[in-house]
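Here is a short note for a colleague who is opening this structure for the first time. The points below are meant to be read with the model in view.

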Amino acid sequence: MQVHETIAGLRAALQAAGRIVFVPTMGNLHAGHTTLMRQARGHGDTVVSSIFVNRLQFRPGEDFDKYPRTFAADCEKLVAAGVDHLFAPSEEELYPEPQRYVVEPPVEHANILEGEFRPGHFRGVATVVMKLFAVVQPQAALFGKKDYQQFMVLSAMVREFALPIEVIPGETVRAEDGLALSSRNGYLSAAERAEAPRLHRCLSRLAEAVRAGNRDFAALEAAAFAELRARGWAPDYISVRKRIDLQSPPVDGNPPLVVLAAARLGSTRLIDNLEI
C-alpha cells in the first residue's frame, strides 16, 4: 500500500489507476470499515482510502480533539484489506486556506434527525467529501449504511451535481450481540458495552411491529423511547422515515421505510438504524 500525504503525490500515483474505487474514513478503523474496503475490490481496479479527521463536521464541544488517532494500526488493517493507496493529508494540505466555499445540503435533508442535534454537521460532511472526490477523482465510492442519513445526503449530492461517481452502500456490520460497530464504541465502559445492544433490540422490535401491520408509528416510537429512558439512556430521536429522503411516511401508501435512532449512553452517543 502506498501512503500519500499530498494531493499532488496521490494524483501522480493514480494517473494510470484504471477504475478507482474510494472509501473515505476518519481513521480509528474497525471491521465495518475493512468490510467496505474488501467490498470495494469487487467494483474496480484500484482501491483508495483516506484517513482525515474533518474538523468541519464537528460542532464546538464535540469530540474532535479526543477522536482517536490510530494511524499505525489503521495502516495495518488497510494493508490486510487489500487497499492500494491511502490518502492521509494534514489539515494544512487539505485546507490550505479557510474553506469558505461549502456544500450546503437542503434543509429538509440536513436539519432533521442528526442535523437537528448536530447543526452544520452535514454541511461539513458534504464539503469534505466533495473535496476528496475532487482530489481522488474516483469512478465509485462506498459508504456504510450505519450512517444512513449521511449515505442519503451524499447520494443526493452526487446525483444532483451529476458527478460521474457510482455511490455504493455497505451494510451495517454488527457485533455478535447486535451492536453496530462504531469508532465511538471504544468510549463505552464495560457496563455500558453490555447495555449498548439494547438500542438494536428496540429497533428490531419496532421494525417487526411495522412489518406485522402496525402503522401507529408515533406509539411505537414512544414505547422504544420510554424503554431506553427507563434503562438510563438519553435518546435524541427514534423515528420511522421513508428510506428515499428520510421524510415522515405518508398516511396512505406503503413506501420502503427505515427506523433510525440516536441515544446517549453515559457520555457516548450511539446511532443505529434498521430498514423495514
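Which residues are linked with E195 in a network of salt bridges?

1. The network. E195 is linked with R198, R205, E227 and R231 in a network of salt bridges. A salt bridge here is a side-chain nitrogen of Lys or Arg within 4 Å of a carboxyl oxygen of Asp or Glu. The model is predicted, so local features need pLDDT of at least 70 and side-chain atom pairs count only at pLDDT 80 or more, while totals for chains, interfaces and linings use all residues. Residues are numbered from 1 along each chain as its sequence is written, and side-chain values use heavy atoms, with hydrogens and water left out.

2. E195 and R198 join through their side chains at 2.6 Å, N to O. E195 is buried at a relative accessible area of 9%, and R198 is also counted as buried, at 15%. (Buried means under 20% relative accessible area, exposed over 50%, and partly exposed in between, with a 1.4 Å probe and protein chains only.) The salt bridge between E227 and R205 has its closest N and O atoms 2.6 Å apart. E227 belongs to helix 11 (residues 217–230) and R205 to helix 10 (residues 198–211), so this pair ties together parts that are 22 residues apart in sequence. Helices (H or I, at least four residues) and strands (E, at least two) are DSSP runs, numbered from the N terminus. Both partners are partly exposed, E227 at 24% relative accessibility and R205 at 44%.

3. A link across the sequence. The count of salt bridges comes to 19. One of them pairs the side chains of E166 and R19 at 2.8 Å, N to O. E166 sits in strand 6 (residues 166–170) and R19 in the loop between helix 1 (7–13) and strand 2 (20–25), so the pair ties together parts that are 147 residues apart in sequence. E166 is partly exposed, with a relative accessible area of 39%, and R19 is partly exposed at 30%. In general, side chains of opposite charge can pair when their charged atoms come close.

4. Cysteines. How many disulfides does the structure hold? The number is zero, where a disulfide would be a pair of cysteine sulfur atoms within 2.5 Å. C75 counts as buried at 14% relative accessibility, and C202 is buried at 3%.

5. Two buried threonines. T127 lies in helix 7 (residues 121–136) and is buried, with a relative accessible area of 5%. Its side chain reaches the backbone oxygen of R123 at 2.7 Å. Leaving out residues up to four places away in sequence, T127 touches L56, Q99, Y101, V102 and V103; contact means heavy atoms within 4.5 Å. T268 is found in strand 9 (residues 268–275) and is buried at 1%. With the exclusion of residues up to four places away in sequence, T268 touches R184, Y187, L188 and A263.

6. Helix 2. Which residues of helix 2 (residues 31–41) are buried? They are G32, H33, T34, L36, M37 and A40. The cover over these buried residues includes strand 2, strand 3 (46–51), helix 3 (71–80), strand 5 (140–144) and strand 6. As a general point, an α-helix has 3.6 residues a turn, so residues three or four places apart point the same way.

7. A surface patch. M1, V3, F71 and V79 form a nonpolar patch on the surface, with about 330 Å² of accessible area together. Patches are made of residues with over 30% relative accessible area and no salt bridge; like charges are joined within 9 Å and nonpolar side chains (Val, Leu, Ile, Met, Phe, Trp, Tyr) within 5 Å. Accessible areas come from the Shrake-Rupley method with a 1.4 Å probe, and for residues only the protein chains shown count as cover. M1 is placed in the segment before strand 1 (2–4) and is partly exposed, at 35% relative accessible area.

8. Backbone angles. Most residues other than glycine have a negative phi. Q137 has a positive phi, near 55°, and lies in the loop between helix 7 and strand 5. L246 has a positive phi of about 60° and is not a glycine. L246 is found in the loop between strand 7 (234–242) and strand 8 (257–265), where L246 is buried, with a relative accessible area of 0%.

Conventions:
Polar contact = N/O pair within 3.5 Å; in protein donor to acceptor, adjacent residues only side chain to side chain.
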